[in-house]
Amino acid sequence: MPGRKYRFPHLRTVWVKARSGARVLYAYYRHVPAGQKELRIGITVDDVEVFPQSIDSVEFARAYVETEKRAEDLWKEVEGRGDGELVVRERKGSIAALITEYKASADWLTKSANTHRSYKPHLDWMRENWGEYDAARLKRRNILVRRDQLLDTPRTADLFVQVVSKLMSFAINRDYRLDNPALKIDKVNKANPYEAWTDEEIALFRKTAPPHVRILFLTLLYTGQRESDVVRMSRATLQLGYVEINQQKTGKPTKVKLHEGLKRELKRHKVESVEHLLVNSRGQPWTADGARTALYDVREAAGLLHVVPHGLRKNALVYLFEAGATTVQAASVTNQSLQMVEHYWNRWRQAKLAEQAISLWEENERRTKKAARGDKNAGRR
């Protein structure tokens, strides 16, 4: 079916059967202040308003624009005064109203506390600076201007775009607008901060870290989980040979067999707690922030500023791939999406194939040189 020639984001249409038996089209503009009736869109011919025969016409498009202007005048009237200051109400269809609705929805309430903390500054900024504007009129250039103001902190700039994209996806589902202007905006931070650690880097961290941080580090490595998840692991299932957790970020239940290397380390590292798998230097359960701070302190002391603890999840995948695990098996350990694990597998496979190819090249050069020396020696005889 061919698409419509014109698009009207706030349009509601109703076909009604008139007394004459003919079907009549009623068209309404929905984006009006709370308590106001929707505005009927009519086409004027020779100073007489007539019912539109179709919404896919130049005449109707003109009538829609005129009705939209009438609605804008209504919105200007919803301003009130309080304590001597001008107060703009959170009007329906505005970005402020969209954010309020988003924060009351399952889309927001099912996200983790960490996600709330990282999203909140950007949502607050949008409410303060864009709140009175129509969500339907947010443009790509508005997003890019704000992103470029954050270029000194590339990851923050990229996160801002991500938050806007989430909000606009929500806006589409709630009929605020028809498209997402934040889609496919290039990332500012081109570097991948989550590269796997080398064996030498892991050995250096283990050597530098005090016992309570070393066991935390190795639990990350051998389970492939996030910091926020390993700090909540219980000792209850240790005797059964596995650890179990509901991932904080995704809510996915995750059950992982204890690697023999982790078993040995846990036996060496005596913990007084009968409940928590990991504790800090005071014998208290780690908090996610406390664990992250301790890991980064050791990383800095060891001079390993180019890698981060989260990269150990990729290490777990790499070791699984090298052991012959399939992507489905590896994904069951880290509980990441199969698409993400396949992405890592493709990168790992490319690197391994390239390594093998270069080795073949080098071996061929050695054989060629050896054969050339043999021919040269044979000529001297």
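Predicted model: local features only at pLDDT ≥ 70, side-chain atom pairs only at ≥ 80, totals over all residues.
Side chains of opposite charge can pair when their charged atoms come close. To count as a salt bridge here, a side-chain nitrogen of Lys or Arg has to be within 4 Å of a carboxyl oxygen of Asp or Glu. By that rule, the model has 18 salt bridges.

Take Glu68 and Arg137, whose closest N and O atoms are 3.4 Å apart. This pair links distant parts of the chain: Glu68 belongs to helix α1 (residues 58-76), while Arg137 sits in the loop between α4 (113-130) and α5 (140-149), 69 residues apart. How do their surroundings look? Glu68 has a relative accessibility of 18%, so it counts as buried, because the cut-off for buried is under 20%. Arg137, with 39%, is partly exposed.

Now hop over to helix α4, where you'll find both Lys120 and Asp124, 4 residues apart, or about one turn of the helix. Their closest N and O atoms are 2.7 Å apart, and they form a salt bridge. Lys120 is partly exposed at 42%, and Asp124 is partly exposed too, at 29%.

Next up are Arg347 and Glu195, whose side chains meet in a salt bridge at 3.2 Å, N to O. Here again, distant parts of the chain are linked: Arg347 is in helix α14 (residues 338-380) and Glu195 is in the loop between α6 (154-173) and α7 (199-208), 152 residues apart. Arg347 has a relative accessible area of 38% and Glu195 has 31%, so each one counts as partly exposed.

Finally, salt bridges can share partners: Glu68, Asp134 and Arg137 are joined into one network that way.

Notes:
Residues numbered from 1 in each chain as written. Heavy atoms only, no water. Helix = DSSP H or I, 4+ residues; strand = E, 2+ residues; numbered from the N terminus. Buried < 20%, exposed > 50% of the residue type's maximum accessible area, 1.4 Å probe, protein only.
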